[in-house]
Amino acid sequence: MTKQPWVESMLVAYVDDQLEPAQRAAVEEIVREDPEARAIVAVLRGSAAAVKNAYDRPLREPVPPRLVAAAGAGEPAGESKVVPLPVRRRWPDRPWAMALAASLAALAIGFGAGYWQAQPSGGFHLAGGPTDGTDSGQYEAALYQALEDGSPGTQVAYVDTAEGRRGAVTIVGAVAAGVSNNCLEFRREWRDAANKIVSRGLACRADSGDWSVMSMPPKPAS
Amino acid sequence: MLWNKDKSCPLSLQDQCPEIVVTQQVRADLVSLLPRLRRFAYGLTGSLDDGDDLVQSACERALSRLDQFQAGTRLDSWMYRIMQNLWIDQRRARQARPEAGMEPVDLEALAVGDAERELHSRLAMTTVQRAVGELPEDQRAVLLLVCVEGLSYKAAADVLDIPLGTVMSRLARARLAVGRVLDGEKHTPASQTKG
């Protein structure tokens, strides 16, 4: 197969039916007359057929979620400015938060009127579950302030002079609990001379307006 | 707050709303293109994992440069171009890497198919992939765009920003090279091609 490159170009275009009618007729004649051109046409045709479906595997498999997320699932940057209703973020990758939110919301509904309304109005209650035993008035005030703001990224810092600690509470975002629409995930960090601790927690607001708060076990930050 | 006629956009943000609508449309279109983009990336890189990394980078780059996308033009062509450019950049960055690494043949997967015919077709497929993997980058891109993605010569020329004649000559060379490998595989293990 030692045809001139331009001949091969014409032949490939002929095989792929990309030629103008006049050119096509001319190439047809070459192919008819020249056995070598016919051999090249056969190879060009065969290799195209062989390649056509060689990379079809991705078409038969589901698209990985990370690609769907990269292409379209994320929210466009300016959207929150424009969309009139707040977009409720979902956290499908946080089953613990979903489960906790559901149970907290159920707790709030279960005890509902009787228990929660007995709390001082506008306050919040640290519901069962593991806490790190270091809750202070300053922390509670910071948490309450952050929850009242409620928007993701809100951070309220606090200083606990009695314990020699400083820390901050950051709102991570809303959690779709299925039962209540008023659950927020938050993140708490504090440090003293010896430790730096990070913990996560969840707060759900009862109809009374009170917050019930549950903290996950803390772990030392690296 | 005051709203426009169809209540889709606050008046104070009127200038930005059409852009946001376009952005959302492009994102939706992009998601539906993903299977084909993955196929093209698989062909370029020779590996599903590397291909998916490439698709992800390309989506991120595209969405960060949406202002460069001309509404009304083909989104797939634009994405193919971004992917090809990213891939060339990556290849330049890691020169040490050999030509498109092929995934090792999965012997277990080969053994699972009980029909002998399927075994043969899988073996044939890896031969084709190896042949395509051995092509120079510029030939491989043309070959994949035309023969796998089904683009016209003109569309492929636009994606790669090369003249139509270059598309044709690269495509012919790529197809003849692949054909030689397949032919050699069919007849004898040794390559007997001349010239």
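This is a predicted model: local features need pLDDT of at least 70, side-chain atom pairs count only at pLDDT 80 or more; totals for chains, interfaces and linings use all residues.

1. Chain A contains eight helices and seven strands. It has 222 residues, of which 30% count as buried. Among contacts in chain A between residues at least 6 apart in sequence, 51% join residues at least 24 apart.

2. Helix 8 of chain A. This helix covers residues 137–149, 13 residues in number. Its span from first C-alpha to last is 19 Å, close to the 18 Å expected at 1.5 Å a residue. The buried residues in helix 8 of chain A are Tyr139(A), Ala142(A), Leu143(A), Ala146(A) and Leu147(A). Viewed down the axis of helix 8 of chain A, these buried residues fall within an arc of 130 degrees, so they line one face of the helix. Just after the helix, Gly150(A) adopts a positive phi of about 80 degrees.

3. Strands 2 and 3 of chain A. Strand 2 (residues 155–160) and strand 3 (residues 165–175) of chain A are paired in the antiparallel sense, over six bridges. Ala157(A) stands opposite Ala168(A) of strand 3 of chain A. The two strands form a hairpin with four residues between them, and in this hairpin Gly164(A) has a positive phi near 70 degrees.

4. Strands 3 and 4 of chain A. Strand 3 of chain A also runs antiparallel to strand 4 (residues 183–191) of chain A, and nine bridges join the two. Here Val169(A) is found opposite Arg188(A) of strand 4 of chain A. In a regular strand, side chains alternate between the two faces of the sheet.

5. The contact between the chains. How many residues does each chain bring to the contact? Chain A gives 37 residues and chain B gives 45 residues. On the side of chain A that touches chain B, helices 1, 3, 4, 5 and 6 of chain A each supply at least two residues. Helix 3 of chain A gives the most to that side, with eight residues. By type, the residues on that side of chain A comprise 22 nonpolar, seven polar and eight charged.

6. Helix 3 of chain B. This helix, residues 75–93, has 19 residues. It reaches 27 Å from its first C-alpha to its last, close to the 27 Å expected at 1.5 Å a residue. Its buried residues include Trp78(B), Tyr80(B), Met83(B) and Trp87(B).

Note on methods: Residues are numbered from 1 along each chain as its sequence is written. Chains are lettered from A and ligands numbered from 1 in the order in which they are written. Two residues are in contact if their C-beta atoms, placed from the backbone, lie within 7 Å. Ala, Val, Leu, Ile, Met, Phe, Trp, Tyr, Cys and Pro count as nonpolar, Asp, Glu, Lys and Arg as charged, and the others, Gly among them, as polar. The expected span of a helix is 1.5 Å times one less than its number of residues. A residue is buried if 20 or more other C-beta atoms lie within 10 Å of its own, exposed if 12 or fewer, and partly exposed in between; C-beta atoms are placed from the backbone. The arc is that of the directions from the helix axis to the C-beta atoms. Two strands pair if DSSP finds at least two bridges between them.
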